[in-house]
Structures are given as C-alpha cells and as structure tokens.
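Colleague: I'd like to learn how to read a model like this one. Can we go through it feature by feature?

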Amino acid sequence: MNNDFMKAIGTDIIGREKEIGELLSILDQTSVIMSSTRRMGKTMILTKIGEIQDLNVKSMLCFVESIQSAEEFVDFLRENLIQQKLIQENGFKSLFNWMNTNLGSKDVGFFKTPDFSKHWKKALNLMMDDLVEKHAGLIILMLDEFPKMLWTMIQNGNHQQATEVLDELRHIRERYEKRSKLRFIYCGSIGMNLVINHLIKRFKYNGAPTNNMHQYIVTEMNPTDATQLVKHLTKKHGVVIDDVLETYLANACSYLPFFIDRIIIQIKISNLVFPISASSIDETVDEFLLGRGNNSQFNHFTERIDTYYDTEEKRIAHELLRLLSKTNVPLSSEALLNHVKIKIVAEDFEIMKILSDLFEDMYVDKSVIDDSTCYQFRFVLLKKWWKSKYA
Amino acid sequence: MYLFNAKIEDPEKLEQMLVGREQIVNVLVEAQLKHSKNGLPPQFLVVGPRGSGKTHMLRVIYERLLRNGDYIAMHDIAYMVEDETGIGSYFDLLQRILEAIKRWSNDAQKTNYIIEQIDKLKDTQPKEWTRSTENILISLLNNKSLLILIENFDAIMRGMDKKYAVMELSRLRDFIQQHNQLSFIATSQSLIHSLSDNQNPLYGFFNIIQLKRLTLEESFDYIKKIALSENNEELVQFLETPDGKGHLEAIHQFTKGNHRLLLVFFDFLRAEFRSNLSDIFLKSIDELKPYYDSFLKSLSPQQQKIVQYLSLQRNPQKGADIGRNCFLDKSTVSKQLSELQRLGFINPVNEKGRDKYYEISEPLLRLCVEIGEDRNGIIKLFVNFLGQLYSKELLRAKFLYYNYMGQYQPEPVRKLYQEEAEIYSFVKSQYLNLWMAGEAENSGFNMVGEPSEIINLDQERSYQNQELSKFWLLNNAFDILFKAIENKSKIEIEWYKLGIEDALMVLVNYKKEDMVKDIFNKLLTTCRANNELEQLSALFSIVVFRIIRERKDIKPLRLELTGQIFEDLFTGIPEFSCPLRYFDIGFRYFVKAEKEAIYEMSQEERKIFENFTNTEAKY
C-alpha cells in the first residue's frame, strides 16, 4: 500500500520517503503525535503527505497556531475541509439536518455567533460524521502546531476549552478508528506532553487524551536524502558543485534541511568567483551560524533548557554541553560525571538524568566505545554554535 | 542635482546601475521563477541600512518578473514600496496588500472586485474582518500565487500592538502556510530583533539576506557607471587617474559604500572634480544634512540627545560616560543604547570588553552634526589628507605591482609589464636604483639599528659603510628632489617623492639627529615655498605609518627621538596635524601599550590606522 501512496506524492519536496512510508504504515493503524525541535523539516513532511489525494487516501493540512478558541477551531476546520475539497458545503448533511432541526437555520454564520459556544462539540462530531460518510478510504487530518494552539488557549485563561478539545478529539478518534480510517496527526515544535503535563499539574486535568496515539519524532534527514536535497537545490540555484562536495555540504549542515537550503542560497549570493571548495563551504556555514546578526540560529535549544529544566538541572546541562562543545572526541559518562562534580555539587544519578534528558531532547548522541557509553553533540552545527556562545 | 529615484527610473537604467546587488537579485528572481507550485513558497527578508539599494533591488525584481509572461500568467504581484504607514495589525496588512494589487493592476475586473468586496466588508462585524479579507484575497487569486514586495517590514512589525503582535503574526504565518500561495520579498533597515526570538511565529520563517556595503571596487564601478550614463567622459578619465582614485577611495571611506551617499558625492564630484576634495566633501555634507535630520527626528528625545553627544565627541565613548553627559540614569542609557544599536544608529566598538565603547555607525551622520559646529575643523584637514594619502599609495602600488609581478610573467607579457613599470618610474636615474635597492632588500635596508647590536664585526663594518653610502646617495636624492620642486616638474616630483619614502626611513634610523633634522627642515622649507605642503604631509604620513609598521625593528629611543623631531618641526602646521596625531597614537598604542589610545580616534581615522599599520587593533 505504501508504494501506491508514494506514487501519489509529488517530487517537489526532496527526500523523506522513508519517514513518510513509516508514518503511513502507522497511520494505517492509528493516529500520530509528531514532534521535533525546530528546523528539522516536519512541516515539509506534512506538506508532502498533504499532496496525497486519491481514492484511497485524502489528507488535509491545517495550520492552527493562531486559533484561539474551540469555536474558531471548528469553524476553521469546516472552512478548510471545503477549501481543500474534502467535502462540499452541501456535503455536511448530518450537520445541516441537526442545525435545521435545532436552530431553525442552516446558515453557517451561526458558527461565528456567541451561541455557538454551546454547540461546537456537537458540530465538530457531526462534521466528522459527514466526512467519514463521504470517504471510504483513509482520511488524514494534520493539525500543525496543535500544541501551540492549546497552549494559547491555556494562556488566555481558557484551559477548560483546551481540555475539552483534547477530549472531544479523543472521542472522535475512538469512534472512528475502530470502524473507519479517520486519523489525526498532531504536530508541534513544543511537545504535546508538555501541554498535557501542564494541564494535569496546574488544572488537575485527569484525562489521557493522547495515550492511544503513536509518538513519532522527526529528526535530521538521512545522509542520502540530505545529499539528494543538496543536489536538487544546487541545480535549482545554478551552483556548480561536484558529488564529493555535495556530500560534504550535506554533512556540514548536519543533514538539516533548513540549513542546507539557507547555506546554498548564501553560497549563491556570495557569488564565489573561485570554484566552491570544502573550506569555502565551511566559511559560509560559519558566517551563517556565527556572523553578526546570525547568532540566534539555535536559540530554541537554549530556551528549551531555560524553560523546562529547573535551576540546578540548568546548571548541570550547561556544564555538560559546554564541555562537550569544546572536545573533538566523544566523552565517556565517567569523564562527564567527574568534570561536572568538580564544578557543581551533584549526585551521579542527577547528572545521568540530565544526560538522558539531553539525549531525549536531541542535544547529544550516545554510543558505546570500549565498553563505555560516550556522548557527543548530535549536530555539528549546534556544537559549533554552542561553543561560540557559551564555551 | 543628480536625480535618481528607483521608484520612477526607467528599467534599463535600473538594471545597468545594479552594482553589487546583481547576484542577490538573480537569486531572488530565480527563486520565484523556479518555485514549484507544490513546494513551499520562498520567503525572503533583505536587510540593509538606508540607502543600501533595497528599493532599487525590489524595483528591478518587479520589472523582471513583470516582463516574464509565464510567471505573470501564474502570479499576481503586490508591489508595496510606498511608505506603508498605519499598519497596526495583520488585518491592516491584508488590506494594504489588496490596495497594492489594485494600484498596480491593469485588470479592471480585478480592481472592481476588490472595491466591491471591501465595501461589503464595511457592513460586517469587526470579528469577521480578518477572516473575510483572507477569503477575498484567496478568491481574488483564484489559484494563482501572490508575490508581495514590501519595504520596511521592520517598521510594520514595530507598528503592531505589542500585546497582540504574536497572535497577529501567528495568523499571518498560518495563512501563508495554509494556502501556500503567498511569497514575500520584504526589506528591513535593520535586523528585526524579535525574529531571533524562538517564540516569534516568524522565527526561521524568512531566508534572511544581509546586504553588504559596496567594496571599493564596486563603489568605483558604481560611480563610473553613473558618469558613463551621463556621457561624462572627462569625469570617467579623471576617475582613472591616481588623483581620481584617491578621491574616490576617500569618499568610499566616508560613505562606507552606501549607494545613496555615493550618489550625493557624485553630484559634487561631477561638478567640481578638479577642486579640492574637502570642498566637494563639505558641499555633499550640506546636501545630506536634511536627509539625516529627518532620521534623527524619528528618534525619541533621549535617543536624539545620545546621538547628538556621540556626534560631537567624534571618538567612541564609554556607556557610563554617555549616561553621565546626557544626564540619563544607568538603566535608561543602557536601554536607549541597545535600541539605537538595533536601529543601526550606533555601534559598540569593543564587542567583548566589559566597558563597552559606542560610536555613531555612519561617519557622515556624525559629520553632519560636527560640521554644523565647526566647518573648518579637523575634518576638513582630514578629508584632504585622505585624498592625498590614497593617491600616493595607489601610485606606489602600481609601480611595485608592474615591476615585481613582471618577473613572474611569461614573454611577451613580461615585456608589457616592464614597459608599464617604466612609465611609472625613472629607471635610468641613479636615485631609482637606490630606491629599488631599498625595496628589494627591505629587511636589511631598514634594520639599521645601533652598531653595537650587530655581532659580526665584518658584517657590521660593511653594513655601516653600506648605510653611510646610502645616506650619502640619499642626500643627493634629496637635492634632486629639491631642484625638481623648484623647477615645478610635476611628474618628477611625484616620483622622487615616492622614492623619498625610503630615504626618510633611512633618516629615521640614522644616528645623527641634527643632520636628520636639517634634511627634514630643508624639505619642509622647500615644499612650503613651493606650495607643496599637502603633498609633503601625505608623504610624511606614509613614513609615519611605515615607522609604526616596522616599529619592532627600530630602537625605542630612536622612535622617541624621531617623534621629538617631528613634533619640533611640524607642530602647529595644520597640514601635518593628521600624521602627527597618528604618530602620537601609534607610539602610545604599540610602544607604550596604552590600549585605550585607539578610542581617541573616530571610526574613519581608525580605519586608516588599521589599514596602513596592517594592524587589526585589538579592542
């Protein structure tokens, strides 16, 4: 089945076939929570899935970051289902029947009235009924930056609605996942778990609205895809570069599509008179990463620590990363423990927990060398940036 | 007045004058042309200070795309290069986009549709305005894509109510991503601080291109192209002369390769290129004053006070001193300095130091204020000094280039090089041979030192003899120079003076101070009598810089004595104030390790200092 899906996908967005294949296999069974730190290219993956429109699969990508209320969310979904041709306006038969019977009108202007706050759950469910009724195949509704939408609601004092949206969507999923193929992808750069934990801790929320969803983390591209992207973009921008340097450039950008795109444009703009070399690529990367006005490229990594680690954890994390940014070889956990304990009073288990968090949050990678677990920065780019900023 | 307005100039001329920005325009246009409908639309933010050619670039992009039938069949363009004021929300921005499409469209049906829909919108509820305007835009596009060319995006972002800005920008981003039909090429005068905040919805959204200032070569090319576009052959020829290049290098130094400022200088250069450079300079500054005044008016009174203070100080000032002299408390001054820095008015000189020094980032802005206070002050001298200095360096570089590079060229190119070198020299003169000896044996020639330093006695003797004979020859060389000056043979004077540079260096190293002083004195008297003081000053400056460069090979005592001789002879002579100042600062900075001495210079003075002493001063 995946091969059929892949055929339906256009070729304008390069690579990620493996990830999309995995996602489609998972979506065949269940809905997905997709997350990653910024600049991994998750929106590109969603866009690529959004291109799938055939008899077996229909998908819709919605950017919901700016939505502020449940009513607006439902209205937005309705508008987009029509605009993206998943359903026609008159296709909402159950919805309109219900509106006609209970409200005496089929005018969707009602969605924008204050009274709609009492009925949005019903409307959402009926809309989904109509949608599922119309399509027999797999329907994928992708909500990009969905956690941020919920976070905004919470920040606006509307945590109740945030939990209701989560619960309602769970009910809908449960209702349809057994008998049909309606699937959701909740996608976001801040994790759903952070939002739900906040609701649990702060507002005594006791639901588990996503525990039946599959967690999928988007990481950097694989080297083959990244090199393919370099090939595509250099050709597009008329940058002359040989195969060896294509691979070099992909690696110098840590296989991150965002940086590959930016660096190739910078190379083109700098109008290099001489043939492009490994050192000119390095210079461009350094300038883009560390030059005046460019030093915020990885701020989100710092802010993640500053926001979600407590004071002591923050100090340990910074100390570990500072040391790792200065060394050219992976360091064993023993070496890291010793280093931190010279500077900070902390137990081994506390430091190991932070190392584990940094691994989960994709700051560092680990490998076993000579029977020791060793750590190093996951992305060369982040390492360079961290070193210039903090070491 | 030379008129050039990118908004109204004809497209051919705009293309022709696109100096230093061609590649960026190509990239931006190609990104539009090669963008596939299914991919994500390209989003660019071009950042460059006032006058760096942003409007010019947008207009060229607009014209190129407009002429591309295939592109226009699939795209609309909202060309927003008017001063887009009054945009306080995402809704306002959408409205302006519709206005821009209407303004530049030839399609009456489209224009009428916009007018009708906006009229209808007026009768709806405010909470529906934004979504409805989005819908108007999408139905207007009817599957086409829209390119938005918009200037001063930083001002638009600043104009949004802080409380709602994040939400407004989220809506903008959602809308763009949702429909995949909108592409921005926006410009901004400064980096938009909030875009580096990862919470900002537009963080990482734009591909940011920072415009670099024009290089000297590009500035030269730009001015030459303007002169050519006016068929001003005489000026083009002048620009190719050492004097012309010297003038332009000095102008480049002050304008920092800013297109608009170069245009202002061009206006006066065109009219009076044979005049004194400082006259051209002062007239250009007068012309620029209202331009800079208008920007100063956009600042708050506290910010104006700081800019005024820094302008009058010329050299960088510590943050604490700025606060004290402007009567601003610590937190206010710190906030205002960071805001002025963000707006591009000031720069910290030392990025890493604890005590930051600040200065006005554009020398011309500072000079507008400074010259208002003292029209005949040091700046006038400095400008002439610059013009002279660069002319000499160019001549010298040209000779050395052809002379030395010729050796490495294959025949017949070598011959051409040698002939070219001969044009720049008096090959047959005994004097030039001596000069060449100095250049070729640079280290031996200059490392005279005290005899006691030389261990090998034979070598010492021969070295002393060699130096003495050189000095004798040089003495003759000076005589030839004096005669040339008296005979007013311009070409000879030029070339003898170039050779004299080495002669002066020998003098600096020579033990007999009285003789040295005599020769300098005679040189001064001869030049003064023949109105050649400015020329001598430039020559003297090159010697001063060379002394600084080669300070490690000169005994500290001799350096001090040389300084004393210079001071005795040249103090009080206005033409010599710049080189004397450089000597004093160089001596204190490098020899006495007074690191703060560097901050006594203005930005453009420092640049010269760094260039000519081959030193990146460590702040």
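Colleague: How many salt bridges does a search of the whole structure find over all chains?

Modeller: Side chains of opposite charge can pair when their charged atoms come close. The rule here asks for a side-chain nitrogen of Lys or Arg within 4 Å of a carboxyl oxygen of Asp or Glu. Over all chains, the search gives 47 salt bridges. Before we go on: this is a predicted model, where local features need pLDDT of at least 70 and side-chain atom pairs count only at pLDDT 80 or more, while totals for chains, interfaces and linings use all residues. Residues are numbered from 1 along each chain as its sequence is written, chains are lettered from A and ligands numbered from 1 in the order in which they are written, and side-chain values use heavy atoms, with hydrogens and water left out.

Colleague: Which parts does the salt bridge of Asp28(A) and Lys181(A) tie together?

Modeller: Those two side chains meet at 3.5 Å, N to O. Asp28(A) sits in helix α2 (residues 17-29) of chain A and Lys181(A) in the loop between α8 (159-179) and β4 (182-188) of that chain, so the pair links parts 153 residues apart in sequence. Helices (H or I, at least four residues) and strands (E, at least two) are DSSP runs, numbered from the N terminus.

Colleague: What is the area buried between chain A and chain B?

Modeller: The size of an interface is often given as the accessible area lost when the parts come together. Here that is about 3600 Å², with carbon and sulfur atoms giving 46%; the value uses a 1.4 Å probe and is summed over both parts. In chain A, Phe63(A), Lys236(A) and Ile269(A) lose the most area to chain B, together 16% of what that side buries. The contact (heavy atoms within 4.5 Å) takes 46 residues from chain A and 39 residues from chain B.

Colleague: How many salt bridges count between chain A and chain B?

Modeller: Two. In a salt bridge between the chains, Arg131(B) meets Glu72(A) at 3.1 Å, N to O.

Colleague: And the sheet in chain B: what is the order of its strands?

Modeller: Strands of a sheet pair through backbone hydrogen bonds, either parallel or antiparallel. This open sheet of five strands runs β2-β3-β4-β1-β5 (chain B), with parallel pairing; two strands pair if DSSP finds at least two bridges between them. The edge strands are β2 (75-80) and β5 (207-210) of chain B. Six bridges join β2(B) to β3 (residues 145-150) of chain B, and Ile77(B) stands opposite Leu147(B) in β3(B).

Definitions and conventions:
Buried area is the accessible area (1.4 Å probe) that two parts lose on being put together, summed over both.
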